[in-house]
Amino acid sequence: MRPFGYIDGGLAAGPVRLAAIAAEVGTPAYVYSADAIEAAYREFEAALAPARICYAMKANGNLAVLRLLAGLGAGADVVSEGELRRALAAGIAPEKIVFSGVGKTDAEIETALRSGILQINVESASEVRSLSRIAAGLDRTASAALRINPDVDAGTLDQISTGRKTDKFGVAWDEAPALFREAAALPGLSMEGIAVHIGSQLGDLEPYRRAFRRVAGLVRTLRAGGAHIRRLDLGGGFGIRYRDETPLPLEGYARVVEEEVGGLGCEIVVEPGRRLVGPAGVLLARVVAVKETPERRFVIVDAGMNDLVRPMMYGAWHDILPLEAPAAGAETRPADVVGPVCETTDRFAEQRPLPPLVAGDLVAFCEAGAYGAAMASTYNGRPLVPEVLVRGSRFDVVRARPGFEESLALERVPDWLARPGCGG
Ligand code: LLP
C-alpha cells in the first residue's frame with residue numbers, strides 16, 4: 001500500500017507534508033517513509049517466519065535505511081565489497097550477510113572471508129576454484145552455496161530476468177550436481193546450500209514454483225550422493241504495484257515454498273529488495289517550465305534520468321502526482337514529463353494524462369524507493385540528490401546533497417597540462 005496520501009490538499013508521508021520537505025532540502029530529493037519500510041518488513045516476517053530475511057541492499061543502500069532494517073532483524077544480500085562494507089557499517093552482523101553476484105573479484109572474496117559472513121553464493125566453476133584457493137590460503141573455511149540457473153522464465157521484463165539458460169547468472173541446473181560434488185571435495189570450502197534467483201518484479205507464483213522444484217530435485221540428487229545441504233537461498237523478486245499490477249501475494253509465495261522445498265528440512269533464506277523499500281519512497285521534483293509545442297505538452301522537471309533511470313532504462317511506469325491536489329473537476333491533458341538532461345530518452349512519461357501544471361509546481365514520482373537513488377549517476381554534471389527519511393512526524397536528511405566543490409576535489413589535472421592562458 002502507498003504510504004503517501006493527500007492531507008488537506010497536500011501530498012504527505014503520514015502527517016509530514018512533502019512540500020515542507022521540498023522547501024527545506026530543495027528538489028530533486030528522495031523521500032522514504034521509515035514506517036512503510038518497517039511495515040513491509042513485518043509483512044515478510046509474518047508470512048515467512050522462520051525464514052532468514054536478507055535485504056537485497058542493491059535496491060537502496062542508504063545507511064539509515066540499512067540501520068532501520070538491521071534494527072528490525074534483517075540481514076543483507078550484498079553484491080560487492082562496497083555493499084558489504086556498507087552493510088557492516090550499518091550494523092548488520094556478518095553472520096546475517098550473504099554475498100551474491102556473478103563476478104566477484106579475489107579481493108572481494110578475501111574481504112568477505114575475513115569478515116566471516118554467513119554465506120558466499122558461487123556462480124561458476126572458476127569461482128568455486130577461486131573461493132577454495134583463497135579460503136585455503138587464509139586458512140579459513142568458506143561457507144558457500146551454489147547458485148543454479150534453473151532455466152525458468154520469470155515472466156517479468158526481459159532486462160530483469162535472471163533465470164533463463166541464456167542469462168549470465170548461476171550454473172546450469174543440469175551441470176550443478178557435478179560441480180557441487182567437485183566443490184564439496186575441495187579444501188577451504190563447506191558447501192552448505194543451493195541458491196536461486198530468477199528475476200525481479202515477479203507478479204506470478206508459477207515461475208517460483210518451477211524454480212523451487214528444480215532446487216528440490218537437485219537437493220535430493222545431491223543428498224542421495226551423500227552431500228549435506230542445510231540452507232536454501234531462494235532469492236528475491238517480489239513484485240509491487242507501480243501501475244495496475246497485483247503485488248505478489250506473500251502468503252501464496254510462502255505456500256509455494258512450503259509445498260516445493262518445505263519437506264527438505266533446510267533453513268530458508270529470502271532476499272527481498274524492491275518490496276521492502278520501493279513503495280516506501282518518492283522522488284520529489286519541481287516543474288522548471290511547461291513547453292507547449294504543436295505536437296506535445298512538455299512538462300520539464302528538475303529531476304532527470306540520472307536521478308531516476310528506470311523509465312528510461314526499462315520503459316518502467318512511475319505514477320506522477322502533483323504535491324498539491326488538483327482542484328475538483330480539473331481537466332487532465334496528456335503531457336510528456338521530461339528532465340533537463342541532454343538526451344531524448346530523458347523522459348519519465350510519454351503522453352501521460354496530468355492535471356494542469358505550471359513552472360514552480362511540485363510533483364512526486366511514486367514507488368521510487370527501490371532502484372532509484374541506488375542507480376543514480378552524476379551525468380551532465382548533476383550532483384546526486386539528497387535523501388530524506390520520514391519517521392512519524394519528523395524527517396531527517398539521511399544523505400546530503402553534495403556540493404559542487406566536493407566532486408571537483410576528487411579530480412586532478414596533471415602538471416603537464418598548463419592552465420589556459422598561462423602561456424604553457
Ligand atoms: N537477489 C539477487 C541475487 C538479485 O540479483 C536481486 C535483484 C535480488 C535478490 C532482489 O530482487 P528484488 O526483490 O528487488 O526484485 N534495477 C532493476 C532491478 C534489478 C534487480 C537485480 N537483482 C529495476 O529497477 O527494476
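A polar contact is a pair of N or O atoms within 3.5 Å. The model I am reading is a predicted one.

**Entry 1: Asp233**

I looked up the side chain of Asp233 and found one of its polar atoms 3.0 Å from the backbone nitrogen of Gly235. I noted that Asp233 sits in strand S12, which covers residues 231–233. Is Asp233 buried or exposed? I found it buried, and without a salt bridge. The nearest side chain of opposite charge belongs to Arg231, 8.2 Å away. A salt bridge needs the nitrogen and the carboxyl oxygen within 4 Å. I then listed what Asp233 touches, leaving out residues up to four places away in sequence. Among the contacts are Val98, Gln119, Asn121, Ile194 and Glu271.

**Entry 2: Salt bridges**

How many salt bridges does a search of the whole structure find? The search gives 31. I looked up three of them.

I took Arg42 and Glu38 to begin with; their side chains meet at 3.1 Å, N to O. Both residues belong to helix H2 (residues 34–48) and stand 4 residues apart, about one turn of the helix. Arg42 has a relative accessible area of 38%, so I wrote it down as partly exposed.

Next I checked Glu292 and Arg333, whose side chains form a salt bridge of 3.1 Å, N to O. Glu292 is in strand S14 (residues 281–292) and Arg333 is in strand S17 (residues 333–338), so this pair ties together parts 41 residues apart in sequence. I have Glu292 as partly exposed, at 48% relative accessible area, and Arg333 as partly exposed too, at 33%.

I then turned to Arg296 and Glu350, a salt bridge of 3.2 Å, N to O. Arg296 lies in the loop between S14 and strand S15 (297–301), and Glu350 lies in strand S18 (residues 347–354), so the pair ties together parts 54 residues apart in sequence. Arg296 counts as partly exposed at 25% relative accessibility, and Glu350 counts as partly exposed at 44%.

**Entry 3: A nonpolar patch**

I looked for nonpolar surface and noted a patch of about 390 Å². Val413, Trp416 and Leu417 make up this patch. I placed Val413 in the segment after helix H12 (404–409).

Methods:
Residues are numbered from 1 along each chain as its sequence is written. This is a predicted model: local features need pLDDT of at least 70, side-chain atom pairs count only at pLDDT 80 or more; totals for chains, interfaces and linings use all residues. Side-chain values use heavy atoms; hydrogens and water are left out. Patches are made of residues with over 30% relative accessible area and no salt bridge: like charges are joined within 9 Å, nonpolar side chains (Val, Leu, Ile, Met, Phe, Trp, Tyr) within 5 Å. Accessible areas come from the Shrake-Rupley method with a 1.4 Å probe; for residues, only the protein chains shown count as cover. Helices (H or I, at least four residues) and strands (E, at least two) are DSSP runs, numbered from the N terminus. Buried means under 20% relative accessible area, exposed over 50%, partly exposed in between (1.4 Å probe, protein chains only). Lys and Arg count as positive and Asp and Glu as negative; His and the chain ends are not counted. A polar contact is a pair of N or O atoms within 3.5 Å; within protein, one must be able to donate a hydrogen and the other to accept it, and residues adjacent in sequence count only if both atoms are side-chain atoms. Contact means heavy atoms within 4.5 Å.
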